[in-house]
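Have the sequence and the 3D view open as you go.

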Amino acid sequence: MKYLRLAIREPEARRNPLHTFLVEHEGMRLAQLWNWHEAADGDGHGDLLLFRVVGDLHPYVAALDEASFVSAYETARIDDESFYVYVEHETRAADHAFREPFLEQRVLTAPPIEFAANGETRMEVVGRAADVQAVVDGFPPAYEVRVDRVSSYGQGMSAAGALLTERQREALAVAVELGYYDVPRTASVEEVAAELDCAASTASDHLRKAQARLASDVVGS
């Protein structure tokens with residue numbers, strides 16, 4: 001079995017308007033799709049989705065209210081910078097087009113799927129080597145597809161890391177590499193900040209929030 005981490009950039013005209021909102025609004029940083037289901041009813045097909053969003057709640061709710069394809073939603077706070085969103089919306093033609101490369105292939109996408117503020121959709125794909133490659137090759141030329149990581153099944157996946165923003169993961173990776181978490185500690189937060197090219201207070205904030213999120217996950221809070 002093979003594992004790939006993919007970054008996919010859709011043509012802007014086909015991108016989900018809520019992802020476009022994430023790209024354009026400075027208060028939004030990340031949306032993660034944790035579970036989804038395409039349900040059929042008397043009116044056709046619709047998507048049921050559960051997101052974890054990192055950013056400002058109220059502007060996101062306003063964007064949901066403005067989205068004509070959204071039929072229902074509910075939100076729940078996680079902490080001061082993130083929240084869950086349950087969404088029901090119609091399945092757009094562009095949604096079908098995005099999913100088409102995965103059809104007929106023996107692959108699974110491991111949640112969460114990340115919708116980043118730079119316009120990329122990032123996901124982990126697991127399956128038979130030939131089928132995983134067929135997914136990569138199956139996107140039309142209008143889509144930009146980048147393979148960020150290739151490994152055997154189980155070597156690349158990290159459920160805990162998915163709880164963090166990209167910047168928090170980067171800060172943790174730098175801190176580990178420099179020895180910030182060694183016992184005894186062999187690097188300072190100032191050295192971590194220098195590697196991240198940010199202020200020491202900013203680096204400390206990234207590390208503190210990452211540690212808090214991971215600790216809460218471990219104890220089930």
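The dialogue below takes up confidence, a pocket, a helix and some backbone features.

Q: What is the average pLDDT of the protein chain?
A: This is a predicted model. The protein chain averages a pLDDT of 87. Of its residues, 90% score at least 70.

Q: Which elements have the lowest and the highest mean pLDDT?
A: Helix α7, residues 200-219, has the lowest mean, 81. Helix α2, residues 57-66, has the highest, 95.

Q: What volume does the largest pocket have, and how many residues line it?
A: Rolling a probe the size of a water molecule over the atoms shows where empty space is left. Here the largest pocket has a volume of about 760 Å³. Its lining counts 31 residues. Nearest the centre lie Leu 33, Phe 98, Arg 99, Ile 113 and Phe 115.

Q: How do the lining residues of the largest pocket divide into nonpolar, polar and charged?
A: The lining has 18 nonpolar residues, seven polar and six charged.

Q: Which residues of α2 are buried, and why do they sit on the same side?
A: An α-helix has 3.6 residues a turn, so residues three or four places apart point the same way. In α2 the buried residues are Leu 57, Tyr 60, Val 61, Ala 63 and Leu 64. They cover an arc of only 160° around the axis, so they fall on the same side of α2.

Q: Which exposed residues does the other face of α2 carry?
A: Turned away from the buried side are His 58, Asp 65 and Glu 66, which are exposed.

Q: Where is the peptide bond cis?
A: Look at omega. From Pro 111 to Pro 112 the bond is cis, with omega near 5°. Pro 112 is in strand β6. Another cis bond joins Val 183 and Pro 184, with omega about 0°. Pro 184 is in the loop between α5 (166-178) and α6 (189-196).

Q: Which residues other than glycine have a positive phi?
A: Glu 104 is one of them, with phi near 70°. Its place is the loop between α3 and β6. Asp 197 is another, with phi of about 60°. Asp 197 lies in the loop between α6 and α7.

Q: Are Glu 104 and Asp 197 buried or exposed?
A: The cut-off for exposed is over 50% relative accessible area. Glu 104 has 77%, so Glu 104 is exposed. Asp 197 has 70% and therefore counts as exposed.

Technical notes
Residues numbered from 1 in each chain as written. Predicted model: local features only at pLDDT ≥ 70, side-chain atom pairs only at ≥ 80, totals over all residues. Heavy atoms only, no water. 1 Å grid on protein atoms, 1.4 Å probe; cavity = no way out; pocket = protein on both sides within 12 Å on 5 of 7 lines; lining within 4 Å. Points joined across faces, edges and corners; volume = space filled by probe spheres on them. Nonpolar A, V, L, I, M, F, W, Y, C, P; charged D, E, K, R; others polar. pLDDT = per-residue confidence, 0-100. Helix = DSSP H or I, 4+ residues; strand = E, 2+ residues; numbered from the N terminus. Buried < 20%, exposed > 50% of the residue type's maximum accessible area, 1.4 Å probe, protein only. Arc of directions from axis to C-beta.
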